[in-house]
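Here are a few exercises to work through with the model open in your viewer. Try each task before you read its solution.

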Amino acid sequence: MAGEQTLAGHRVLRYTLTERMVHWAAGFSYIYLLMTGLAFWTPWMFWMAVVLGGGSVSRMLHPWAGLIYTWSVWRMYVLWNQDMRITEGDRKWMQVVGAYARHEHDKLPPVDRFNAGQKYLFWLMFWGGFALLLSGVVLWFPEYIPGSLGFLRSLAIIVHPVAALLTIGGFIIHVYMGTAVVRGGFSSVIRGEVSENWARVHHPLWLARISGNAPAKK
């Protein structure tokens, strides 16, 4: 069952196969969008489009990759929306976020399945993704926009790059945190498991809940 977490010895199932597949679909589609989008943004980056098959191929596939990304973030919302709700504990966590960067976990409020930083990043990528979709559709089919709604094209020209820049920043932070800052975070989205000790340090409320030592969230 998607989202179900179990303890297996000293290993904890953090992400199901479905969750991992959806996560990687979002990641790979976003990387393609990032590379082709930058290629269209400036001639200095057009070599990316050349590497990916040429300008015409990239122009044709870019919007389709956008649909894959949008579907992926929507699926993540369906899987994780309960876990991504911002709580009072998250606000307290953000007030001492510096302790997280310094790995001073004893100074942080206990965290459930996702910490506040992960939640805010998720919502950035979620809403940013839909801003990219809506503005991208206008740019994809400009001939279908009637003259009376011509302002939509001008608005899309502004919204699309702004949303792209915001999500690029979020994507860089996500990759950096998952690979360089939080050891074990990257491997968890590959194998799906983390050590019980890792879960106890980074997500004690979640570990207590899935091990039956705390009531499930309402």
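A salt bridge here is a side-chain nitrogen of Lys or Arg within 4 Å of a carboxyl oxygen of Asp or Glu. Keep in mind that this is a predicted model.

**Exercise 1. Salt bridges**

Task: How many salt bridges does the rule give, and which parts does the pair Asp83 and Arg209 tie together?

Solution: 
- Start with the count: the rule gives 10 salt bridges.
- Now pick out one of them.
- Then place both ends. Asp83 sits in the loop between H3 and H4, while Arg209 belongs to helix H10 (residues 204–210), so the bridge links parts that are 126 residues apart in sequence.

**Exercise 2. H4 against H6**

Task: Work out how H4 and H6 are oriented to each other, and which residues meet.

Solution: 
- Get the geometry: the two helices pack at an angle of about 105°, with their axes 9 Å apart.
- Classify the angle. Values of 65 to 115 degrees count as roughly perpendicular, and H4 and H6 are therefore roughly perpendicular to each other.
- List who touches whom: H4 brings Asp90, Trp93 and Met94, and on the H6 side they meet Ala116, Gly117, Lys119 and Tyr120.
- Sort that contact by class, and you get four nonpolar, one polar and two charged residues.

**Exercise 3. The largest pocket**

Task: What volume does the largest pocket have, and which element gives the largest share of its lining?

Solution: 
- Volume: the largest pocket holds about 1,000 Å³ of space.
- Lining: 46 residues line this pocket, and the closest to its centre are His23, Gln118, Leu121, His174 and Val175.
- Elements: those giving two or more residues include helix H1 (17–41), helix H6 (116–140) and helix H7 (151–181). H1 takes the largest share, with nine residues.
- Class: the lining splits into 30 nonpolar, 13 polar and three charged residues.

**Exercise 4. The second largest pocket**

Task: Repeat the analysis for the second largest pocket: which residues lie nearest its centre, and which helices supply its lining?

Solution: 
- Volume: about 770 Å³.
- Lining: of the 29 residues around the second largest pocket, Gly37, His62, Leu132, Leu139 and His160 lie nearest its centre.
- Elements: H1, H3, H6 and H7 each supply at least two residues, and the largest share, eight residues, is from H7.

Terms used:
Residues are numbered from 1 along each chain as its sequence is written. This is a predicted model: local features need pLDDT of at least 70, side-chain atom pairs count only at pLDDT 80 or more; totals for chains, interfaces and linings use all residues. Side-chain values use heavy atoms; hydrogens and water are left out. On a 1 Å grid over the protein atoms alone, a cavity is a set of points where a 1.4 Å probe fits but cannot get out, and a pocket is an open set with protein on both sides within 12 Å along at least five of seven lines; lining residues have an atom within 4 Å of a point. Grid points are joined across faces, edges and corners, and a volume is the space filled by probe spheres set on the points. Helices (H or I, at least four residues) and strands (E, at least two) are DSSP runs, numbered from the N terminus. Ala, Val, Leu, Ile, Met, Phe, Trp, Tyr, Cys and Pro count as nonpolar, Asp, Glu, Lys and Arg as charged, and the others, Gly among them, as polar. Axes are lines fitted to C-alpha atoms, for helices over the stretch in contact, and angles run from 0 to 180 degrees between N-to-C directions. Angles under 35 degrees count as roughly parallel, over 145 as roughly antiparallel, 65 to 115 as roughly perpendicular and the rest as oblique. Contact means heavy atoms within 4.5 Å.
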